[in-house]
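Colleague: I should like to learn how to read the features of a model of this kind. May we go through the strands, the loops and a helix in turn?

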Amino acid sequence: MANKDYYDILGVARSADQKEIHKAYRRRARDLHPDKHKGNTQAEEKFKELGEAYRILSDPQRRKQYDLFGSVGGDYAPPPGWGQPRDASGQDPFTGGWDEPSSTSGGFEDLFEALWGRFGRGARERSQSTQMHGERGSDIEVELPLMVEDLLEPKAKQIRISVTRRCENCEGLGRNDAQTCSACKGTGKVTHRRTFKIRIPAGLGDSDLIRLAGQGNPSPDGIGPSGDILVRLKVKPHPKYRIKGRDLEMDLEAPDYQAALGGKLEFDTPAGRIALQLPAGTISGKKLRVRGKGLPRKGGGRGDLLINVIVTIPKDLTAEQKELYQKLKNVGK
Ligand SMILES: [Zn+2]
């Protein structure tokens, strides 16, 4: 078996610091990721080798040992006693524990274990497929309050969302060499508020989801994809208009004489002011349908506006009105 130069495999200089090593590893891990090279055993082998190189060079003690030995022929096997505390303070620099590498397990699995370990999670819980593809970041779900009017035309709305990103200052390591990273206080992550402009496509309504792919929480291991932001639409009740699927329903008051005689009635709708021909003899509760004045549909076109007629009777009659109603009464007999 050929000698392995871990610096060569990672593509870094022998003087590279932890940050450079981590950066180089992440870049190469993405290129060599098994997702991109399905069924390519050579690429898989390279990916494993990369993990092995990172596992050694990212650990100061192991790196020192490796530097002393130079390139190690064949599978890497650590000298005895390597499981001891690794720095002067007696602290394992990775808080989550780290199994000793062995020549039989290969570097691949241990690598992921090391990465998960830093986030305080046990690698043993992870499935094989997660080990192969990295862990996906979690989704963030937020609500976007909307008015009925927001659904009438395709509209862009702004929403501010707190998002977490990998700390650029330390490449997500939480430290720069021995120092705790000041930008993220050692967490490896930074949170800030971002404004997203969301276009609400035609056909959506209350409780529907808009997915902002890849904008959610970052992968905890830095290899898997980020989660998504799920924006749930929350349409507020409107004082005038009720949503029935893609139709809108509204009440329309018509004075009794107009309901009896029929005629043109003008009124405001979400789609603007319209005039409606009221049939003679309209009674309270009559439903009228105005085509194409409802909410837009997914495939184009619109729902209808449903009018619920409420016939009103004047309360305080003038002397003249009183006389006319009296006349009406006498005629009706
Ligand atoms: Zn940081």
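Colleague: Let us begin with the strands. Which residue is the bridge partner of Ile243 in S11?

Modeller: Please bear in mind that this is a predicted model. As a general idea, strands of a sheet pair through backbone hydrogen bonds, either parallel or antiparallel. Here, Ile243 has Leu248 of S11 as its bridge partner. Strands S10 and S11 (residues 247-255) run antiparallel and are joined by three bridges. They form a hairpin with two residues between them, and Gly245 in the turn has a positive phi of about 65°.

Colleague: In what order do the strands of this open sheet lie?

Modeller: The order of the four strands is S10-S11-S15-S14, with mixed pairing. Strand S10 (242-244) and strand S14 (287-290) are at the edges with a single partner strand each, so one side of each has no neighbour in the sheet. On average, neighbouring strands of this sheet are turned by 35° against each other, direction ignored.

Colleague: Which sense of pairing, parallel or antiparallel, does S11 have with S15?

Modeller: S11 and S15 run parallel and are joined by eight bridges; Pro255 is opposite Thr312 in S15. By contrast, S14 pairs with strand S15 (residues 305-312) in the antiparallel sense, over four bridges. In that pairing, Val290 stands opposite Leu305 of S15.

Colleague: Is Ser207 buried or exposed?

Modeller: Ser207 is exposed, because 10 other C-beta atoms lie within 10 Å, and a residue counts as exposed at 12 or fewer. Glu171, with 21 such atoms within 10 Å, is buried, since the cut-off for burial is 20 or more.

Colleague: How far apart are the end C-alpha atoms of helix H3?

Modeller: The end C-alpha atoms of H3 (residues 41-57) are 24 Å apart, which agrees with the 24 Å that its 17 residues should span at 1.5 Å a residue. The buried residues of H3 include Phe47, Leu50, Tyr54 and Leu57. In an α-helix there are 3.6 residues a turn, so residues three or four places apart point the same way.

Note on methods
Residues are numbered from 1 along each chain as its sequence is written. This is a predicted model: local features need pLDDT of at least 70, side-chain atom pairs count only at pLDDT 80 or more; totals for chains, interfaces and linings use all residues. Two strands pair if DSSP finds at least two bridges between them. Axes are lines fitted to C-alpha atoms, for helices over the stretch in contact, and angles run from 0 to 180 degrees between N-to-C directions. The expected span of a helix is 1.5 Å times one less than its number of residues.
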